[in-house]
Amino acid sequence: MLNTQINLHKDNYENIDIAWSGDLWDRNRLGLQLERYVDRLQCGAVLALDARWGEGKTWFVRNWKRHLETTEIPHNVIYLDAFANDYLDDPFLVITSEISNILKKDKSTKRRVKKLIELSASVGTTLLPSLPKVALTLGLHLVGAGLVSGVLQQGYESAKDGIDTLSEEASDRIKESIQNKIANHEAEKNTLLDFKKHLSETVDKLDKPLVFIIDELDRCRPDFAIRLIERIKHFFDIPKIVFVLVVHKDNLKKIINTHYGYENINEDYLDKFIDFSIPLPQISYPGNDFYLHYEKIAQLLKQVGVYSDDICFTFYMSQHRQYKTARELKKVINQFALLKQDRKSDMFLIVALMQGAHNLEEKMINIFYTFLNGHEPMDSLNVLKSLSTRDFKNFENKIESKFNYKNIKILSLIKALKEAETQGDQNDVLLGYNLYGVDGGEEEFSSQFKNYIEHNLY
């Protein structure tokens, strides 16, 4: 028998050629809706794309970015991984650098970028006392690359000297810096106004709003995440810039609670910074709609070379009342591809991976009853004795009508269980013996699957 190559799915977000390729969950529909909404936001806004970890937020915004870049009139889109940048103390320079780089590429705005960088440097200088050494080092690299002006370079060098020496002279410099900031407060306010005015006039020349996607915000250090949304509010709240925060809002609220020592903040706090929240629709499971995602599970199985009618059906029905995110489902299918052994017991392996390895026989019967009647019985093994030949025929007919195949192995497993229950002599036909390729009796059956999953061997 020819071995099928396993092709584990790897996301290559940096090189997306065609947007929405492999879109298993119809995310492109939300992408189109969001595009139309953003294009009407001439006033600028901060949106939150809200979903649990593992729901596919990053996949969505990465493909949405590619979609926006390839429309008839392309959008200017920035993607920032906030978690990859949270070693910095202040995100202002990161945001301004990203905006400057994207505006430099647009013919209508590139001539105004030099002044924008100069104004950014002036505003950034006012933030220097709060920057740690690592940020100063980054700043010196930016200076060396010519991305910030000489004014900011002097500030970095001065602050760097103070931190490196840790002397009384450094203390005097800090005191002098504070005194200067107090004296120059009005000038700094005007600098901020000049920065926002110039940025606003620059992005107004774009054909469409600038879309700034910020991902992984709820994985950042609490102080960095909070400072980032504060910087957006205070420095970048201008027309024609739309920020999309990719976040699980419940986790973000926990971050804020931790940082400020609150017990439980409400939505009002986040409403100060977020204009509108967009929930990423959850992936449905068979309890909601039996046949909604069967074909999508089939695609995932085919990607790793383990598709069969039995396997797909068992995976599909094992989701009943077992909600899994897109990431969780992919991981379970990849794990199954590693552990499967091409025998009837693979059906039980699927159930063990999806629902846990406890009471596997009963869980297999529940799959049968769920599909046949649309609900799960309270005590499957006892009720199994009363099943008629007609019940099995109805099950087979339903499978054939809905999925266009018949004679699947799961039916023989249920029949074997019925025979064992009816005869009362489980040691002869029980699932743990030769028919299913697993040694041991009923009590050992589930524990062997548990051990196999944990140690990857029988």
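The model is predicted: local features need pLDDT of at least 70, side-chain atom pairs count only at pLDDT 80 or more, and totals for chains, interfaces and linings use all residues. Residues are numbered from 1 along each chain as its sequence is written, and side-chain values use heavy atoms, leaving out hydrogens and water.

**The sheet**
- Five strands form an open sheet, 5 strands in the order β2-β3-β4-β1-β5, with parallel pairing.
- Strands (E, at least two residues) and helices (H or I, at least four) are DSSP runs, numbered from the N terminus.
- Two strands pair if DSSP finds at least two bridges between them.
- The edge strands, β2 (77–81) and β5 (276–279), each pair on one side only.
- From one strand to the next, the twist averages 20°.
- Strands of a sheet pair through backbone hydrogen bonds, either parallel or antiparallel.

**Strand pairs**
- β2 and β3 run parallel, joined by 5 bridges.
- Y79 stands opposite I213 in β3.
- β3 (residues 210–215) also pairs with β4 (residues 241–247), in the parallel sense over 5 bridges.
- There, I214 has L245 in β4 as its bridge partner.

**Cover and helices**
- In β2, 4 of its 5 residues are buried (under 20% relative accessible area, with a 1.4 Å probe and protein chains only).
- Helix α1 (residues 27–39) lies across β1 (45–50), β3, β4 and β5, at about 165° to β1.
- Helix α9 (residues 222–235) packs on the sheet and touches β1, β3 and β4; contact means heavy atoms within 4.5 Å.
- The direction of α9 makes about 165° with that of β4.
- Angles run from 0 to 180 degrees between N-to-C directions; axes are lines fitted to C-alpha atoms, for helices over the stretch in contact.

Technical notes
Buried means under 20% relative accessible area, exposed over 50%, partly exposed in between (1.4 Å probe, protein chains only).
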